[in-house]
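Reader: Could you walk me through how to read a protein model, one feature at a time? I would like the general idea and then the case at hand.

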Amino acid sequence: MATPSGNWRTDGTRLWDSLMRMAQIGPGLRGGNNRQTLTDADREGRLLFQHWCEAAGLSLGIDAMGTMFARRAGTDPEALPVMIGSHLDTQPTGGRFDGVLGVLGALEVVRTLNDLGIRTKHPVEVVNWTNEEGARFPPAMGASAVYAGVMSLEAAYATRDAEGRTLGAELERIGFKGEEPVGARKAQAYFELHIEQGPILEAEGREIGVVTHGQGTRWLEVTLTGREAHTGSTPMPRRLNAGLGAARIIERVDNVAWKHAPLAVGAVGQIDVFPNSRNIITGKAVFTIDIRHPELAVLEAMAQEIRAGAAEIAERMGLAIAIAEVNAFDPVAFDPTLVGRVRAAATALGYSHRDMVSGAGHDACWVNKVAPAAMIFCPCVDGLSHNEDEAITPEWAKAGADVLLHAVLETAQIA
C-alpha cells in the first residue's frame with residue numbers, strides 16, 4: 001500500500017471561493033447567513049452542493065432524513081466508505097463557516113484526489129447532514145441522531161418549528177426526502193472538519209485542533225412557582241418572588257461550573273418569566289440550565305449538585321420547584337486510531353497543533369456511536385460562532401483541509 005506524500009495539499013483558493021459562493025445563499029443582515037434547515041435557502045444551498053458533487057464525478061444518494069451522501073468510488077466494491085462532512089444549515093444569525101467548512105472542505109479533499117489522479121481502496125463519501133443546528137427543528141444534530149439509532153425517524157419527522165410545520169412535511173416540500181433507509185449506509189470511518197467555535201487555538205497561535213473528546217451535556221428545565229403580587233404594595237417579607245429564585249439558582253449554576261473548572265462549563269441561556277409585567281412580582285419563572293463536562297462522573301455530580309442546590313433555594317424562599325431533564329448527551333471519546341492519524345497528519349504537514357475537547361455538539365459525536373470517528377478543528381477569530389461576525393482565514397481553512405486530506409488517505413488506503 002502506498003503512503004500519503006507530504007507534498008500533497010488541497011487548493012486553498014478553490015476552497016475559499018466555494019465557501020464564499022455558498023455564503024451568498026441565505027445571506028444574513030450583516031455578512032453572515034440565515035440558511036436554516038429545510039428552508040428555501042437550504043434547498044438552494046443543497047442544489048449548489050449537488051451540482052458541485054456531480055461536477056466532481058460523485059454519485060449522490062439521499063436518505064429519508066434528507067442527508068446527502070456524495071460518493072467517490074473506491075477500487076474495492078466491498079469496502080465500506082470513509083465518510084467526511086458536516087452540515088450546510090445555519091443558525092438564524094449564523095456565520096459563513098460553522099458546518100459549511102466541514103462539507104466544502106470534504107468536497108475539496110475529493111477534488112484534490114481527482115486533481116492528483118489518486119484512487120483509494122475504500123470509497124470516500126462527502127456528507128451533508130440535515131438539521132445539525134436544530135435552530136428551526138429542535139433538537140440539534142437530528143439526522144445524525146436518527147442515523148446512530150438514538151432518535152426514531154418518526155419522532156424526527158414529527159418535530160415542529162415555531163409556526164407548527166413539521167420536519168417531515170418540510171423535507172417533502174423542498175424535495176429532499178430521500179428513499180434510502182436512514183443508517184443503511186455503513187462507514188469504515190468518519191472525519192469531520194469544523195471551526196473551533198472557541199478562542200483557544202487562536203489565542204495560542206495553533207493552526208489545528210486534534211479533537212480527542214466531546215463534552216457531555218445535561219439540560220435541566222427548571223420551573224419555579226411563587227405568587228404574583230403588586231411590586232409597590234407587597235411588603236418584602238410577604239413576597240414569593242420566582243424571579244429572585246431564578247437569579248439565585250443561576251448564580252449557583254455558575255458556582256458549580258467554577259468548582260469543576262477548567263473543563264466544566266455551565267450557564268442559563270433561556271429564561272421566561274410570568275406574567276412579565278413591570279409592576280407585578282414574578283409568579284413563575286421557567287429557565288433551562290446547560291452544563292457540560294467531558295467526564296461522565298463529573299457531569300452527573302454537577303447535575304446532582306445543581307438539583308440539590310436549586311431545591312434548597314426554592315424551599316428557603318417558599319417557592320414550588322419542578323426540574324425536568326430535557327436533554328442528555330454523554331461525553332464522547334473519539335476513536336484513538338483516527339485521532340492519531342489526525343495528529344500525525346498535522347505533524348507531517350508542519351502545522352502547529354494541540355489536543356482539544358469539543359465544547360459543542362457535532363454530528364461526529366452521534367456517528368461515533370456506530371462507526372469510528374474523529375474531528376479536526378481550525379481556529380476562528382475571537383472564538384466567535386453562532387454569530388454573523390464569525391470569521392476564519394483562508395490559511396486556517398486550507399490547513400484544516402490539508403490535514404483532513406492526509407487523514408482520509410491514510411484511512412481510505414491508496415490503491
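Author: Gladly, and we start with a pair of side chains: Glu-125 and Arg-71 are joined by a polar contact of 2.6 Å. A polar contact is a pair of N or O atoms within 3.5 Å; within protein, one must be able to donate a hydrogen and the other to accept it, and residues adjacent in sequence count only if both atoms are side-chain atoms. Bear in mind that this is a predicted model, where local features need pLDDT of at least 70 and side-chain atom pairs count only at pLDDT 80 or more, while totals for chains, interfaces and linings use all residues. Residues are numbered from 1 along each chain as its sequence is written, and side-chain values use heavy atoms, with hydrogens and water left out.

Reader: Is Glu-125 buried or exposed?

Author: The general idea comes from relative accessible area: buried means under 20%, exposed over 50%, and partly exposed in between (1.4 Å probe, protein chains only). Glu-125 has a relative accessible area of 0%, so this residue is buried. Glu-125 sits in strand S4 (residues 124–128); helices (H or I, at least four residues) and strands (E, at least two) are DSSP runs, numbered from the N terminus.

Reader: Which residues does Glu-125 touch, not counting those up to four places away in sequence?

Author: Contact means heavy atoms within 4.5 Å. Among the residues that Glu-125 touches are Phe-69, Arg-71, Met-83 and Arg-185.

Reader: Where does UniProt place the feature "binding site"?

Author: The unreviewed UniProt entry puts it at His-87, Asp-98 and His-194. These residues span 108 residues in sequence, yet no two of their C-alpha atoms are more than 9.8 Å apart, so they gather at one spot. UniProt positions are given in the numbering used here, feature names are shortened, and annotations may be inferred rather than shown by experiment.

Reader: What surrounds His-87?

Author: His-87 lies in the loop between strand S3 (82–86) and helix H3 (100–116). His-87 counts as buried because its relative accessibility is 0%. Leaving aside neighbours within four places in sequence, its contacts include Asp-98, Trp-129, Glu-133, His-194 and Asp-363. A polar atom of the His-87 side chain lies 3.0 Å from the backbone oxygen of Asp-89.

Reader: With which side chain does the side chain of His-194 make a polar contact?

Author: The partner is the side chain of Asp-98, at 3.0 Å. His-194 belongs to strand S5 (residues 189–195) and is buried, with a relative accessible area of 1%.

Reader: Which residues touch the most other members of the largest nonpolar core?

Author: A nonpolar core is a set of buried Ala, Val, Leu, Ile, Met, Phe, Trp, Tyr and Cys residues joined through side-chain atoms within 4.5 Å. In the largest one, with 97 residues, Leu-104, Phe-191 and Ile-392 touch the most other members. Helix H12 (residues 394–412) gives the most to this core, with 11 residues. A second, separate core of 24 residues includes Val-222 and Ala-303.

Reader: How many helices and strands are there in the protein?

Author: The protein has 12 helices and 15 strands. Its radius of gyration is 23 Å, close to the 22 Å that the globule rule gives for 415 residues, so the protein is as compact as a globular protein of that length. The radius is taken over C-alpha atoms, and the rule is 2.2 Å times the number of residues to the power 0.38. Buried residues make up 52% of the 415 residues.
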